[in-house]
Amino acid sequence: MHNFFVEPCQIHKEEIEILGMDVSHIRQVLRMRAKEQIMVRDGYGHNYLCEITELLEDRVLVKILESREVKAELPSEVWLFQCLPKGDKMELIIQKAVELGAVRIVPVSSARCVVKLDAKRESNKRKRWNLIAESAAKQSGRGIIPEVMPVRGFAEALSMAGKLDVRLIPYECAEELLTEVHKTPMQQTKEAIGRIQRGQSVGVFIGPEGGLEKAEVEAAIQAGAVPITLGKRILRTETAGLSILSVLMFHLEE
């Protein structure tokens with residue numbers, strides 16, 4: 001069943017108005033007709049089974065058949081702090097992070113980031129990134145549309161993450177920083193993730209292609225981040241975040 005998001009003001013007692021780009025998508029791409037059923041979400045966890053009643057030029061009107069509980073969200077807020085990668089890798093990262101349950105994606109400009117965005121390019125990129133997040137939320141049946149936030153510097157991102165309950169920072173040299181001598185880095189990583197409780201907010205920091213500088217990692221640890229390992233292989237930046245998000249999804253999922 002197709003999913004669509006609307007603003008709360010478009011939801012009335014027995015009817016919902018679908019506006020904007022979704023109108024042409026329903027009419028011209030999906031070629032839907034009256035009496036077909038769709039799922040409509042308000043982005044705040046409310047979910048409505050609806051039946052199309054009218055397809056107009058500027059809007060689609062649907063009748064609310066029933067309200068359903070949204071069960072697609074993780075019991076914890078997971079934020080991905082992703083250092084800017086080269087090319088169009090960010091688009092893939094955002095799409096998959098949304099599918100895996102992240103509620104916020106924060107692009108980060110760190111010391112080794114090759115990509116540098118001026119204000120105009122960032123604005124255009126962010127518009128596209130949020131459209132990708134919305135599309136991924138529809139496809140995966142999310143109850144909310146995760147936001148892709150403005151690009152932050154690394155220190156600013158650390159400050160932003162300070163309000164979260166848990167911060168994790170995968171690092172290829174984690175064994176140098178993990179201090180429990182009688183446990184392997186992987187054992188300590190599993191224990192760190194195992195301590196995360198449902199309901200706690202979690203931030204994950206992922207470096208760019210060249211990795212994070214040691215000083216950045218040390219600053220993150222001083223700010224309360226826990227260094228972890230993702231195994232014996234060095235993962236690409238577009239793989240690393242999705243790897244740890246997958247682990248968190250399975251750990252937190254009820």
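Okay, let's start with a term: two residues are in contact when heavy atoms of theirs lie within 4.5 Å. Keep that in mind for Ala102, which, leaving aside its neighbours within four places in sequence, is in contact with Val78, Ala97, Arg142 and Pro146.

Before I go on, a word on what we're looking at. This is a predicted model, where local features need pLDDT of at least 70, side-chain atom pairs count only at pLDDT 80 or more, and totals for chains, interfaces and linings use all residues. Residues are numbered from 1 along each chain as its sequence is written, and side-chain values use heavy atoms, with hydrogens and water left out.

Back to Ala102, then. Where does Ala102 lie? You'll find Ala102 in the loop between α2 (89-99) and β7 (104-109). Those labels come from DSSP runs, numbered from the N terminus: helices are H or I with at least four residues, and strands are E with at least two. Is Ala102 buried or exposed? It counts as buried, at 1% relative accessibility. The cut-offs go like this: buried is under 20% relative accessible area, exposed is over 50%, and partly exposed is in between, using a 1.4 Å probe and protein chains only. One more thing on Ala102: its C-alpha atom is separated by 9.2 Å from that of Ser76, and the two residues are 26 apart along the chain.

Now let's zoom out. The protein has seven helices and 12 strands. Its C-alpha trace spans about 65 × 40 × 30 Å along the principal axes. There are 254 residues in the protein, and buried ones make up 47% of them. Take the contacts between residues at least 6 apart in sequence: 74% of those join residues at least 24 apart.

What about the surface? The accessible surface comes to about 13,200 Å², and 49% of that belongs to carbon and sulfur atoms. Those areas come from the Shrake-Rupley method with a 1.4 Å probe, and for residues only the protein chains shown count as cover.

And the charges: we have 35 positive and 36 negative side chains, with the centres of the two sets 3 Å apart. Here Lys and Arg count as positive, Asp and Glu as negative, and His and the chain ends aren't counted. Each charge is placed at NZ of Lys, CZ of Arg, CG of Asp or CD of Glu.

Next, the inside. A nonpolar core is a set of buried Ala, Val, Leu, Ile, Met, Phe, Trp, Tyr and Cys residues joined through side-chain atoms within 4.5 Å. Which residues have the most contacts inside the largest one? They are Phe81, Ile94 and Leu248, in a core of 60 residues. Helix α7 (residues 237-252) gives the largest share of this core, seven residues. Apart from that core lies another one, of 16 residues, with Phe4, Val23, Ile52 and Val62 among them. As for Phe81, if you don't count residues up to four places away in sequence, its partners include Val106, Met160, Leu164 and Phe205.

Let's walk along strand β4, residues 46-55, where we find Glu51. Glu51 is buried, with a relative accessible area of 17%. Not counting residues up to four places away in sequence, it touches Lys35, Glu36, Gln37, Leu61, Val62, Lys63 and Leu65. Compare its spacing to Lys163: the C-alpha atoms are separated by 26 Å, and the residues are 117 apart along the chain.

Lys35 brings us to the loop between α1 and β3. Its phi is near 85°, a positive value in a residue other than glycine. Lys35 counts as exposed, at 65% relative accessibility. Arg31 sits in the loop between α1 (21-29) and β3 (37-41), and has a positive phi of about 50° although it isn't a glycine. At 56% relative accessibility, Arg31 counts as exposed.

Cys9 counts as exposed, at 62% relative accessibility. Cys113 is in no disulfide either, and the nearest cysteine sulfur, from Cys83, is 4.7 Å away. Cys113 counts as buried, at 5% relative accessibility.

Note on methods:
Disulfide = S-S within 2.5 Å.
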